[in-house]
Amino acid sequence: MPKAGKSDVDRRDFLKSAAAGATALVASGSAAANTRQGPTTASSASGDADITKMKERIALATRMLASEGIVGSSGHVSMRIPGTDRLLVGPSDVSRDVITRDDVVMVDLNSNQLEGNRKRPDETEIHTGIYRARADVMSIVHTHPVYSVVFSITKRPILPVHMHGAIFADGVPVFDSVGHINTRELGDGLAKALGNRRAVLIKMHGAAIVGHSLEEAFVASFQLEENAQQQLLAEQAGVKVEPMTPDDVARCVKQSWSPFSIQKRWQYYLDKQSLKS
């Protein structure tokens with residue numbers, strides 16, 4: 001076997017340190033969400049430099065999702081600005097493949113646009129509705145996944161049948177409304193359907209996936225679609241599909257949803273994106 005080169009060693013070191021950083025990020029995100037003390041200005045909470053970094057990450061995540069077909073001409077990513085009643089979200093009027101940080105807009109929890117040269121999404125209420133209801137959520141990805149949406153049409157439940165699908169073992173509910181989530185009532189209804197789960201399907205439309213960090217929501221959006229695809233393929237075999245047992249779920253979550261695993265998958269898509277640049 002060839003001896004590992006310096007770049008291989010550097011990469012392993014990076015992943016180790018990145019995993020540690022991801023652990024801290026998840027913890028700090030949850031803490032920030034649970035200790036919110038009411039509205040403050042974005043600058044006092046994070047500073048302009050932090051806001052800029054958040055915008056860069058939203059734009060990057062959106063481009064990567066578009067490259068993989070998880071979002072197309074529509075779909076958007078958001079992040080809550082810690083300690084505030086504000087969030088950053090990708091706009092409606094920029095192609096997802098070319099979005100940059102300068103296109104990301106800022107809105108409040110009432111879906112009022114506060115900053116940005118572009119137009120906020122028509123479905124901003126997907127994000128604000130969930131953020132209003134879930135203080136633990138720090139990032140949301142709205143997608144239009146091919147395989148997952150099938151289950152909102154057939155009314156068959158998504159089951160944990162793939163190792164990466166174990167994180168959805170508590171179910172993926174369906175919000176029974178067809179069309180855009182473009183009113184406060186619909187946003188609140190979507191959040192209620194989501195409950196304390198990780199993802200919710202929007203009937204015959206798309207999905208909303210949440211996380212304690214951008215990386216969590218991003219990676220979970222892929223894992224939802226992978227599990228749905230595997231389940232549909234298995235069902236085509238004409239046999240009864242058996243989901244994971246509770247023991248299977250516990251073991252797979254531990255193995256495939258650690259901060260290291262999340263960061264590893266995030267880095268994979270970063271590397272793919274860099275090769276295209």
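1. Let's start with the pairing of helix α3 (residues 47-67) and helix α9 (residues 259-276), in what is a predicted model. Their axes come within 10 Å and cross at roughly 80°. The axes are lines fitted to C-alpha atoms, for helices over the stretch in contact, and the angles run from 0 to 180 degrees between N-to-C directions.

2. Which residues of α3 and α9 meet? From α3 there are Leu60, Ala61, Arg63, Met64 and Ser67, and from α9 Trp266, Tyr269, Leu270, Gln273 and Lys276. The residues of this contact divide into 6 nonpolar, 2 polar and 2 charged. Here Ala, Val, Leu, Ile, Met, Phe, Trp, Tyr, Cys and Pro count as nonpolar, Asp, Glu, Lys and Arg as charged, and the others, Gly among them, as polar. Contact means heavy atoms within 4.5 Å.

3. Not counting residues up to four places away in sequence, leucine 270 touches Leu60 and Met64. Leucine 270 and methionine 64 are 206 residues apart in sequence, yet 7.6 Å apart in space, C-alpha to C-alpha.

4. A few conventions, briefly. Residues are numbered from 1 along each chain as its sequence is written, local features need pLDDT of at least 70, and side-chain atom pairs count only at pLDDT 80 or more, while totals for chains, interfaces and linings use all residues. Side-chain values use heavy atoms, with hydrogens and water left out.

5. For the chain as a whole, there are 9 helices and 8 strands. Helices (H or I, at least four residues) and strands (E, at least two) are DSSP runs, numbered from the N terminus. Of the 277 residues, 47% count as buried; buried means under 20% relative accessible area, exposed over 50%, and partly exposed in between (1.4 Å probe, protein chains only). Among contacts with a separation of 6 or more, 72% come from residues 24 or more positions apart.

6. Helix α7 (residues 214-235) holds asparagine 227. The 22 residues of α7 reach 32 Å from first C-alpha to last, close to the 32 Å expected at 1.5 Å a residue; the expected span is 1.5 Å times one less than the number of residues. The helix is mostly covered, with 16 of its 22 residues buried.

7. Is asparagine 227 buried or exposed? Asparagine 227 is buried, at a relative accessible area of 1%. A polar atom of its side chain lies 2.6 Å from the backbone oxygen of leucine 159. Beyond its neighbours within four places in sequence, asparagine 227 is in contact with Ile158, Leu159, Pro160, Val161, His162 and Gly165.

8. Histidine 142 lies in strand β5 (residues 139-143) and is buried, with a relative accessible area of 0%. Its side chain is joined to that of glutamate 123 by a polar contact of 3.3 Å. A polar contact is a pair of N or O atoms within 3.5 Å; within protein, one must be able to donate a hydrogen and the other to accept it, and residues adjacent in sequence count only if both atoms are side-chain atoms. Leaving aside neighbours within four places in sequence, the contacts of histidine 142 include His76, His127 and His205.
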